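Subject: The model, with notes

Hello,

Here is the structure I promised to pass on.

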Amino acid sequence: MDRRGFLKTTLVAGSAALAGGDLCAQETRDPEEFVGILVDTTRCIGCRACEVACGETHDLFVPDVLNDGALEENRSTSDKQWMVVNKFETEAGEVFVKRQCMHCYQAACASACPTEAMEKTKNGPVTWHGNRCIGCRYCMASCPFDMPKFEYGEWNPKIQKCTLCFERLEAGQKPACVAACPTDALMFGTRVKNLEIARHRIYNHPDDYVHHIYGEHEVGGTGYIYLSAVPFEQLGFRTDLGTRPYPEYTKEFLYSVPMVLFGVPAFLLGLNALIGGPQPGQEKTFELEAGDDGGGDER
Amino acid sequence: MDSFTYVNIFETKGLEYLLLLCFWVLFVYLIRYLSPPSKNRKDWH
Amino acid sequence: MGVVMNANTAVSGEFSRFFHFLMQEMKPRGPWLTPFNVISIPVIFTGVVIIVIRFIYGLGAVTNLSQDFPWGFWLGFDVITGVALAAGAYVITFVVYVMKVEKYHSIVRITVLNGLLAYIFYAGALVFDIGRPWQAYNPYIGNKFGFSSVMFLICWHFFLYMVAAFIEFSPVVAEWAGWEKARKFLKSITLATVILGITLSILHQSGLGALFLMAKPKIHPLWWSEFIPVLFLVSSVYAGLAMIIFESTISHRVFRHLIPHDPKHSFDDILFGLAKGAAIVMFVYYFFKALLFIHGKQWSMVNDAWGYWFLVEVIGFVLIPGFMFAFGYRNRSLNIIKIASVMALLGIVLNRLNVSVISFKWYAEVHYFPSWQEIVVTLMIIFTEIWILRWVVTRMPVFKPAH
């Protein structure tokens, strides 16, 4: 925080000096402004209104929630559905869990993308830009939650995943799933506020929740955070992902690239000069050419 | 769930240095094995 | 550039001369109905049909890729393994041009040619694998650059390395086409391109490993390590050496009539030298693996199927071929060295596939297995490469004493 504070002060002071007081808050983006969604699985009744709303809003598959019996199977999101609700039998009875892209603080997919087609936008949602994507699927291989999905059946495939209703947020609306939720199991807000609400609930009802907020620290923090009455392993969450932000796993390698590019050519040239003498074949080059002119097409 | 357990990430360092010693001993043997006896050297190059 | 210089004298005359020369060279030489042609031509045509289907109906129509397995045989074998096996070019140019070891000079051209073609075909296979290849220019001159991406680096390094390898090989082309001035110029920049090529190779051989750093929770802990880039780099060195032994043994049999006798450095001596180098590198690589094994306290993981599989790879296809190289060198046995090189290559294939495909999501209930179409396209790529290689080798002065 110290360094961030320092940078912030410097940037603000600098831009104030340069632009004459035209302070741009966007330049010093603070992760505290990220928005996200709090999912309280103890409140979810499994009505899947969010699935319907998501499908309708984004022109995707709209499930027939009354008749399809989809809760009986453990589904994952797909290129047709950005979010799914699954049912888990646990020690606390039936628990319903909504799963979708977690909108990580430091998104693995966004750092993996060679063309920045996956983008962590300034206020939190991770979105995809079709005009940049080359379809390498490195985002899929990198995402710790396996959320980006690829249209394998299309000649011009898209990456499909939750966008946190980016367009609706810009229009000042809540994400479609949150707006559709009848039980306030989903709460939209800044992540900091959501965390406060989550902690508040755990504090006030210590017996109703496990004392863990999934997404607070996992993979460096995610936009979606979850509350639960049972340990998260029982709800199909991976609890072995660690708290290190995933882009940091490639940090050392990416740092070393310019170092190799500085050092190795110089080292090789030095080695070559140190060895001295003519290049291999240098002396005999001209002898050979004299007797063997005109290329090797005649054999 | 979030209990603290003492984790020493360098627990195996001793073994690793032991491995290093093994490596050097074996490496010297490998190099000597790959270097032909000096009297035959002429035939080799 | 050399073309421009040369064309000063008589542009149209030179152009028509080269055109007729090229047409002449395009004609087949030798018999048509060889066993290789009979097998490869149907495979290549089937592969082309599969590729057409892939571009009309999408990747799902011909591959077994799924949402759980975004990367399969095309990426894991063609690109990641193929590039490792093409490492011989940077190793041998280092030895010959930087270290100035004359002994290996005669195999430089064929090795660089092999490397160049391997990159063009195996890295080029990415075009089939990526979903939107018509936007593949994006990392180069596109609207956004993903500077934080390992894939971005690999895109650039592949491209730059292909340019470097082509320049390294280009004196041969110039000699074949009879462009003497161009040849001299291209020859003069060889050391610079060699150094560029080695640097780029170091970066993308390790970079292919770095691709998997963020897949940590999905790759079996016996294969994932934060040192994957180092392991990939070190193993690429012996992969390259083993590939030279394997490939030049075959080409010396097939193209025997093209290869002049070098009285100073016999072909056997070269193979023995390569075997010695491979033995040492494999020994070091084995201990790298052992160090990671100990640091990760992985002995608790070896007592199941994945553990045995790991031991098969590390002991059966690294340690044993490593010792076979040493033994074959010591006892002057070419046969042992040739067998060792095949085993070492299989070990590289195993390792790369283990990291990228086999142990990827080892916990999944339904695991990916390549479809026959994926395998046919891979064979198509290999066969097409061999066709081009054969064309170049029988026409250009590849086996002549390089100068």
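What share of the 45 residues of chain B count as buried? The share is 0%, where a residue is buried if 20 or more other C-beta atoms lie within 10 Å of its own, exposed if 12 or fewer, and partly exposed in between, with C-beta atoms placed from the backbone.

Before the rest, a word on what you are looking at. This is a predicted model, in which local features need pLDDT of at least 70, side-chain atom pairs count only at pLDDT 80 or more, and totals for chains, interfaces and linings use all residues. Residues are numbered from 1 along each chain as its sequence is written, while chains are lettered from A and ligands numbered from 1 in the order in which they are written.

**Confidence**

The model scores ipTM 0.88 and pTM 0.88. Chain C averages a pLDDT of 90 (pLDDT is the predictor's confidence in each residue, from 0 to 100), and 96% of its residues score at least 70. Please treat one end of that range with care: within chain C, confidence is lowest in helix H1 (residues 2–6), with a mean of 50. It is highest in helix H15 (residues 334–358) of chain C, at 96.

**Chain C**

Chain C has 16 helices and zero strands. Helices (H or I, at least four residues) and strands (E, at least two) are DSSP runs, numbered from the N terminus. The C-alpha trace of chain C spans about 70 × 55 × 45 Å along its principal axes. Its radius of gyration is 22 Å, which agrees with the value near 22 Å for a compact globule of 403 residues; the radius is taken over C-alpha atoms, and the globule rule is 2.2 Å times the number of residues to the power 0.38. Of these 403 residues, 51% count as buried. Among contacts in chain C with a separation of 6 or more, 81% are between residues 24 or more positions apart. Two residues are in contact if their C-beta atoms, placed from the backbone, lie within 7 Å.

Because 18 of the 21 residues are buried, H11(C) is largely enclosed by the rest of the structure.

For contrast, have a look at C:Trp372, in helix H16 (residues 372–395) of chain C. C:Trp372 counts as exposed because it has 11 C-beta neighbours inside 10 Å. C:Trp372 and C:Asn64 are 308 residues apart in sequence, yet their C-alpha atoms are 9.3 Å apart in space.

**Where chain C meets chain A**

Here 64 residues of chain C are in contact with 61 residues of chain A. Helices H3 (35–57), H5 (88–98), H8 (138–141), H9 (150–177) and H11 of chain C each supply at least two residues of the side that touches chain A. The residues on that side of chain C divide into 39 nonpolar, 15 polar and 10 charged. In this count Ala, Val, Leu, Ile, Met, Phe, Trp, Tyr, Cys and Pro are nonpolar, Asp, Glu, Lys and Arg are charged, and the others, Gly among them, are polar.

**Strands in chain A**

Strand E1 (residues 35–40) of chain A is mostly covered, with six of its six residues buried. In a regular strand the side chains alternate between the two faces of the sheet. In E1(A), A:Val35, A:Ile37 and A:Val39 point one way and A:Gly36, A:Leu38 and A:Asp40 the other.

E1(A) has these partners (two strands pair if DSSP finds at least two bridges between them):

- Strand E8 (residues 186–190) of chain A runs antiparallel to E1(A), with five bridges; A:Gly36 has A:Gly189 as its bridge partner there.
- Strand E9 (residues 224–227) of chain A runs parallel to E1(A), with four bridges; A:Val39 stands opposite A:Tyr226.

Elsewhere in chain A, strands E2 (residues 84–90) and E3 (residues 93–99) run antiparallel and are joined by seven bridges. A hairpin of two residues links E2(A) to E3(A), and A:Val85 stands opposite A:Lys98.

Best wishes
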